[in-house]
Structure formats: structure tokens, C-alpha cells
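The sequence and the model are shown first, and the description follows.

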Amino acid sequence: LFDQVPAVPPDGTFALVEAYRADDHHLKVNLTPGIYRDENAKPWVLPSVKQARAALLADQSLNHDILPQLGHTQFLSAARQLAFKDTLDGRFVTSIQTISGTGANHFIASLLASHLHPKAVWIPDPTWDNHQGIWRHVDPGIERRTYPYYDENTFGIDGDALLSTLREQANPGDAIILHACAHNPTGVDPSPELWEGIAQVCEEKGLFPIFDLAYQGFATGDVDNDAWAVRHFTTRSSGNNNNNNTPLEFAVAQSFSKSFGLYSERVGALHVVARTRDGAAKVDGVLKRISRAEITSMPAFGARIVAAVLHDPVLEAQWRQDLKTMSGRLASMRKRLYEELVRRGTPGRWGHVLTDIGMFSMTGLSPEKVAAIKDRFHVYLLPNGRLSFTGLTEGNVEYVAESIYQIVVH
Ligand code: PLP
């Protein structure tokens with residue numbers, strides 16, 4: 001029976017992690033994962049999370065009852081506040097807990113595919129690999145189109161190409177995925193002017209924006225700055241925007257993997273911003289039905305931790321500090337790699353390593369060079385040349401810079 005099932009190649013990212021594990025070279029460096037590591041390249045439990053977790057574990061009254069259908073109530077209110085703060089006046093929002101950011105992306109794809117039938121979903125080029133995978137899995141009949149995003153020559157965004165492609169080729173009802181901040185894999189985000197242009201195209205063409213909010217706090221170290229684009233879309237579309245377009249309806253797929261270091265707990269939320277109360281109520285019903293059929297009820301532990309941190313002013317202050325610790329370490333590693341590359345006279349332009357934001361930068365190394373740096377130096381990058389600063393430390397940054405130098409010149 002199963003002989004007829006197609007052979008599926010292994011997932012590239014997971015395969016690289018396995019290859020790294022199996023590599024016994026003493027200088028090996030893993031620069032592939034979007035998972036924060038501390039100054040010793042070890043997993044880091046945020047101090048705020050540690051405190052909240054300890055209090056939860058000490059609470060003898062804690063039980064394991066099933067959560068409400070939409071998820072952990074205090075978690076959801078905190079998640080919504082984190083994404084939108086006080087920009088929701090006059091909007092109707094449905095929020096549901098999800099299996100992390102992946103689950104939030106999956107739920108919105110399922111909702112749109114089953115009820116609104118977009119002809120296409122527009123995905124930035126490049127993007128997080130799983131955007132293609134999730135939409136292919138949910139409905140292979142929906143075209144997965146890419147819009148130009150990154151310009152390899154300038155290490156920036158090709159805003160004109162992005163806007164004109166959508167203006168000329170997108171159809172009303174199409175969905176569009178937007179990285180809310182700290183774009184994966186490029187580390188380059190739209191300027192406020194470009195965000196405004198994107199919002200206008202979405203309104204003019206009747207597109208449905210999906211914000212993927214996976215790195216709040218990692219772009220600037222400040223959760224409010226990092227939610228600027230989401231909140232701009234909310235206020236633009238609340239009728240205060242002095243334009244005659246119909247207010248946008250959109251979604252936010254929110255992950256707490258990175259911002260709370262809760263990768264294995266799978267904590268996320270999906271928020272759908274609707275124009276009417278009736279619309280929001282209907283979304284509520286459909287999302288509950290999807291959730292019931294797929295999961296029945298969300299896991300509680302990670303959501304309890306997030307709720308405990310965000311509902312306690314002392315823990316929340318500690319958490320904001322934790323975000324600064326993480327984003328600060330990444331920024332200092334950017335500086336160190338830049339210095340070491342420039343000190344060696346490494347051919348190429350490296351200034352963007354300093355100005356890119358979040359966990360990642362594109363090195364510009366070809367897939368062949370990426371394979372070569374792995375084989376010769378045991379330094380692991382993604383095949384598209386993405387380098388994750390999470391794996392860099394004071395102990396390996398010179399070795400990594402030297403490896404890049406050697407690979408570029410030979
Ligand atoms: N969206 C983007 C852009 C990501 O990079 C990731 C993880 O790498 C996710 C969503 C989802 O992550 P998770 O499912 O762990 O929340």
C-alpha cells in the first residue's frame with residue numbers, strides 16, 4: 001500500500017541540525033537555527049520565565065483541567081494587548097490560542113481556504129520556508145505566488161518592485177503574508193513609508209494581509225516599536241486615516257517561541273481583525289470548529305507562563321529586560337563579526353551586517369560556498385546563505401570570520 005506514497009525529501013533545516021549534531025569536529029559552529037543561544041551558545045531560559053515557572057510549579061492548587069475552547073483566557077488578553085496595545089477602538093477582534101506561530105499561520109490559512117477561497121497567497125521572496133509548506137498542506141489548489149522583497153545588490157528591500165508586482169498581478173481576495181518585524185531570513189524590514197505603501201495597495205486591491213509576528217522584541221529590543229506595522233494597519237483601518245478606502249480586515253499570527261524562549265512549549269495566538277461585530281462572531285465560530293477538529297484543546301503550561309509574566313508588572317519589567325539582553329547580545333555579535341570580516345579585508349560589502357535587525361543576515365554566499373564552508377570549516381549556514389547570529393560567541397566569532405574570508409577568496 002505505502003509503496004505508492006511519494007518519497008518526500010527530508011526537511012532541509014532539520015536535516016542540517018542533524019548533520020551538525022553528527023559532526024564531531026571540535027571547531028564546528030551552528031549558525032542555522034532561529035533559536036536564541038546565550039554567550040556560550042547554550043539554550044537560555046529567560047529569568048522572567050524561570051520565576052514564573054517556579055511559581056507555577058510550587059502552586060499545589062494547579063490542576064490539569066481542559067482549557068476553554070479559545071484557549072487560556074488571561075494569556076489571550078495579554079497576547080492581544082502585546083500585539084495591538086490600545087489601537088483597537090472600533091475594531092472587532094477574534095483571538096484564539098494556537099500551537100505557536102506555525103499553528104497560527106496554519107489556522108488562518110485554513111480559515112481563508114475553507115471560507116473565502118483566495119485565488120492566491122502572496123509570499124515574500126525570500127521568506128521562512130514553512131510559509132510555502134503550510135499553504136501547500138492546507139490547500140494545494142491555492143496558488144503560492146511570490147512578491148519581490150530582498151534586493152541582493154543593495155542588501156535592502158526592492159520596494160518599487162514589491163508594490164508594482166502586487167498592484168499589477170494580485171487579485172481581490174488574495175492573501176498576502178507580511179513579516180511584522182525582523183524579517184526572516186533577510187533581517188531587513190520595510191520603512192514606515194513602505195509600510196504605508198503596502199497598506200494602500202492592500203486597500204486598493206482588496207487583499208487580506210496576514211502579519212507573521214514571530215520576533216516581537218528581537219528587532220529593536222522594544223516590543224512596542226516592533227509592533228508598529230501591526231498597529232499602523234489597525235489605526236489606518238479604523239476610519240482615522242482620512243482616505244476613502246474600506247477599512248482593512250487582517251490577521252496577526254503571533255508566536256511566543258522567540259520572545260519568551262518557549263520553543264518547545266508551542267505557545268501562540270491568532271488574532272483576526274474584522275470590520276463588523278457579526279464578522280468577528282462568525283470568525284470565532286469557524287476558528288473554534290477548526291481548533292476542535294484538529295486539537296480539541298490547547299496545551300496550558302506555556303500559556304500559563306506567558307500570562308503570569310505579562311499580568312505581573314514586576315515580571316513584565318524583567319521580561320522587557322530579558323528581551324534587551326537577547327537583542328543586545330545579537331547586536332554585539334553583529335558588530336564583532338563585522339569588525340573581524342573588515343579587519344581581514346574580506347571581499348564584499350558587509351555594512352548591512354551592522355544595520356540588519358533581528359537574528360539573521362544574508363551573507364551573499366552561494367549554495368556552493370555554503371556547502372564548502374560546511375565541508376572545509378564545519379560552519380553551518382542555511383543553503384540560501386542565511387547566517388543566524390544566535391550561534392555566534394566571543395569564542396567562535398574570529399574562527400567564523402576567518403572561515404568566511406577563506407571561502408570568499410578561495
Ligand atoms: N514565522 C516565522 C517568520 C518564523 O521564522 C518562525 C520560526 O522560525 C515562525 C513563524 C514559527 O515558529 P513557532 O512555530 O516556533 O512559533
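At what angle do helix 2 and helix 12 pack, and how far apart are their axes? In this predicted model, helix 2 (residues 47-58) and helix 12 (residues 313-343) pack at an angle of about 145 degrees, and their axes are 7 Å apart. On the helix 2 side the residues that meet helix 12 are Pro-47, Ser-48, Gln-51 and Ala-52. Helix 12 brings Leu-315, Gln-318, Trp-319 and Asp-322 to this contact. Sorted by class, the contact of helix 2 with helix 12 consists of 4 nonpolar, 3 polar and 1 charged residues.

Helix 6 (residues 159-169) packs against helix 7 (residues 192-205) at an angle of about 5 degrees, with 10 Å between the axes. Angles under 35 degrees count as roughly parallel, and helix 6 and helix 7 are therefore roughly parallel to each other. Gly-159, Leu-163, Leu-166 and Arg-167 in helix 6 are the residues that meet helix 7. Their partners in helix 7 are Leu-194, Gly-197, Val-201 and Lys-205. The contact of helix 6 with helix 7 holds 4 nonpolar, 2 polar and 2 charged residues.

**The chain as a whole**

The chain contains 15 helices and 13 strands. The C-alpha trace spans about 65 × 60 × 55 Å along its principal axes. A compact globule of 410 residues would have a radius of gyration near 22 Å, and the value for the chain is 22 Å, which agrees. Of the 410 residues in the chain, 45% are buried. Among contacts in the chain with a separation of 6 or more, 77% are between residues 24 or more positions apart.

**The ligand shell**

There are 13 residues around the ligand, and those that come nearest are Ser-100, Gly-101, Thr-102, Ser-255 and Ser-257. Helix 4 (residues 100-116) gives the most to this shell, with 3 residues. By class, the shell around the ligand has 3 nonpolar, 9 polar and 1 charged residues.

**Backbone features in loops**

The peptide bond from Asp-125 to Pro-126 is cis, with omega near 0 degrees. Pro-126 is placed in the loop between strand 3 (120-125) and helix 5. Another cis peptide bond joins Asn-184 and Pro-185, where omega is about 15 degrees. Pro-185 belongs to the loop between strand 7 (175-179) and helix 7.

The loop between strand 7 and helix 7 also holds Ala-182. Ala-182 is not a glycine, yet has a positive phi of about 50 degrees. Phe-155, also not a glycine, has a positive phi of about 55 degrees. Phe-155 is found in the loop between strand 5 (150-151) and strand 6 (156-157).

Are Phe-155 and Ala-182 buried or exposed? A residue is buried if 20 or more other C-beta atoms lie within 10 Å of its own. Phe-155 has 20 C-beta neighbours inside 10 Å and so counts as buried. Ala-182 has 27 C-beta neighbours inside 10 Å and also counts as buried.

**Individual positions**

Gly-141 is in the loop between helix 5 (130-138) and strand 4 (143-148). Gly-141 is exposed, because 8 other C-beta atoms lie within 10 Å and the cut-off for exposed is 12 or fewer. Asn-225, in helix 8 (residues 223-226), is exposed as well, with 12 other C-beta atoms within 10 Å.

Ile-290 is located in helix 10 (residues 277-294). Ile-290 is partly exposed, with 18 other C-beta atoms within 10 Å. Apart from neighbours within four places in sequence, Ile-290 is in contact with Phe-107, Ser-110 and Leu-111.

The table lists C-alpha to C-alpha distances for pairs that involve these positions.

| Pair | Separation in sequence | C-alpha distance |
|---|---|---|
| Gly-141 and Ala-120 | 21 residues | 8.8 Å |
| Asn-225 and Cys-181 | 44 residues | 9.2 Å |
| Ile-290 and Glu-204 | 86 residues | 30 Å |

Definitions and conventions: Residues numbered from 1 in each chain as written. Predicted model: local features only at pLDDT ≥ 70, side-chain atom pairs only at ≥ 80, totals over all residues. Near = placed C-beta within 6 Å. Helix = DSSP H or I, 4+ residues; strand = E, 2+ residues; numbered from the N terminus. Nonpolar A, V, L, I, M, F, W, Y, C, P; charged D, E, K, R; others polar. Rg over C-alpha atoms; globule rule 2.2 N^0.38 Å. Contact = placed C-beta atoms within 7 Å. Axes fitted to C-alpha atoms, helices over the stretch in contact; angles between N-to-C directions. Parallel < 35°, antiparallel > 145°, perpendicular 65-115°, else oblique.
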